[in-house]
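Here are some brief notes to read with the model open. Please take the points in order.

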Amino acid sequence: MSVTKDGNTGRWMSQIRVTDWTGNVIHKKKRGFATRREALEWEHEFTMQASGSIGMTFADFIKLYFEDMEKRLKPSTVANKKWVVDLKITPFFEKKALNEIKPTDIRRWQNSLKSYRDEKGMPYSETYLRSINNQLTAIFNYAVRYYGLRENPCHKAGSMGKKNADEMQFWTKDEFSLFIGNKYFEDKLASRTIFMTLYYTGMREGELLALTPADIDLEKQEIRINKSYQRLNKEDVITSPKTPKSIRTITIPDKLCECLREYLDGCYELKSDDRLFPYTKSFLYHEMEKACKASGVKRIRVHDIRHSHASLLIEMGFSPLLIAERLGHEKVQTTLDTYSHLYPNKQIEVAKKLDTI
């Protein structure tokens with residue numbers, strides 16, 4: 001290590017050579033430190049990060065974590081993870097050494113999030129708290145597996161929040177009819193087609209916004225889902241679907257075929273590989289909010305239209321396996337875990353049939 005002072009500027013400079021965790025020698029130089037102590041602190045932090053030492057700060061480790069994740073996950077997944085980590089996790093732990101974060105620190109972090117209230121006095125939802133906690137657990141699991149951290153402090157601290165919401169929000173058939181039939185959509189064919197498609201297919205928002213005319217076969221009454229749309233860094237990005245099972249073909253009813261045909265007939269010079277709905281997710285949110293106010297239907301999330309489709313299929317008596325295939329769930333268990341409370345209790349029916357034996 002070499003820390004020197006520039007006689008002309010009075011500022012300190014550091015030059016350092018270290019061997020990183022891959023065995024490569026790194027030569028690094030940095031100028032402009034106000035004090036010798038600042039230069040030495042920078043050298044220490046850089047050495048820790050370059051060598052992959054668990055004594056590095058949490059903030060330095062997060063940089064390494066995302067450098068690796070960016071090469072392994074979809075850009076949209078990395079962006080979502082980074083947003084949560086930067087906003088809800090790093091500010092609390094950033095200056096602590098990775099190997100000095102204890103279960104008590106995790107508990108204090110959890111309590112700070114559980115006690116949060118917004119301007120309306122509302123706390124974070126239980127499912128959101130669980131999602132944030134899962135991100136931190138994954139980070140420490142990564143440190144244990146690849147950087148030799150002895151144990152994950154999140155395991156002893158315990159989790160927070162709930163996997164599923166206490167009450168799932170969705171529309172009944174009558175509520176959707178009231179929503180889609182109100183006057184707001186009279187001169188908004190694109191918006192009406194979007195919500196009709198979401199309700200009668202159960203596809204995800206990103207899947208809908210990635211659709212092209214080539215994905216729709218009105219003769220066979222089918223929609224092919226094989227990609228997803230994201231808006232990242234102010235650019236439109238088309239990615240692969242969420243999971244391999246998300247690539248699927250959905251059969252659609254006559255009423256949706258008629259709606260799509262009318263919409264397509266009004267789209268001039270639309271190429272087969274153009275986006276059918278050239279909008280963003282924020283457009284969907286705003287249109288839904290306005291239409292809910294106009295119709296008087298309760299406000300739910302755009303994603304909850306997917307739950308509405310699933311509840312409709314359950315009410316019609318379809319099996320969890322068919323619903324899982326239609327929604328693009330990787331496992332039938334995901335469908336059962338998400339919608340089990342919507343299935344009618346068959347215990348009395350079982351008992352009656354046993355009595356007839």
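1. Start with a residue in a loop. Met-316 sits between helix H12 (304-315) and helix H13 (320-327). This is a predicted model.

2. Is Met-316 buried or exposed? Its relative accessible area is 54%, so Met-316 is exposed, given that the cut-off for exposed is over 50%.

3. Met-316 also belongs to a surface feature. Together with Phe-318 and Leu-322, Met-316 makes a nonpolar surface patch of about 270 Å².

4. Now turn to another loop residue. Lys-227 is placed in the loop between strand S5 (222-225) and strand S6 (228-232). Lys-227 has 17% relative accessibility and therefore counts as buried, since buried means under 20%.

5. Which side chains make polar contacts with the side chain of Lys-227? One is Asp-215, at 2.6 Å. Another is the side chain of Asn-226, at 2.8 Å.

6. What else does Lys-227 touch, leaving aside residues up to four places away in sequence? The list includes Gly-206, Glu-207, Ala-210 and Thr-212. Asp-215 is on it too, along with Ile-238, Thr-239 and Pro-241.

7. Three strands form an open sheet in the order S4-S5-S8, and the pairing is antiparallel. Strand S4 (216-217) and strand S8 (248-251) are at the edges. Each has a single partner strand, so one side of each lacks a neighbour in the sheet.

8. Look at the S5 and S8 pairing in detail. These strands run antiparallel and are joined by 4 bridges. Glu-222 has Thr-251 in S8 as its bridge partner.

Methods
Residues numbered from 1 in each chain as written. Predicted model: local features only at pLDDT ≥ 70, side-chain atom pairs only at ≥ 80, totals over all residues. Heavy atoms only, no water. Helix = DSSP H or I, 4+ residues; strand = E, 2+ residues; numbered from the N terminus. Buried < 20%, exposed > 50% of the residue type's maximum accessible area, 1.4 Å probe, protein only. Polar contact = N/O pair within 3.5 Å; in protein donor to acceptor, adjacent residues only side chain to side chain. Contact = heavy atoms within 4.5 Å. Patch = residues over 30% accessible without salt bridge, like charges linked within 9 Å, V, L, I, M, F, W, Y side chains within 5 Å. Areas by Shrake-Rupley, 256 points an atom, 1.4 Å probe, with all protein chains shown as cover. Salt bridge = Lys/Arg side-chain N within 4 Å of Asp/Glu carboxyl O. Pairing = 2+ DSSP bridges.
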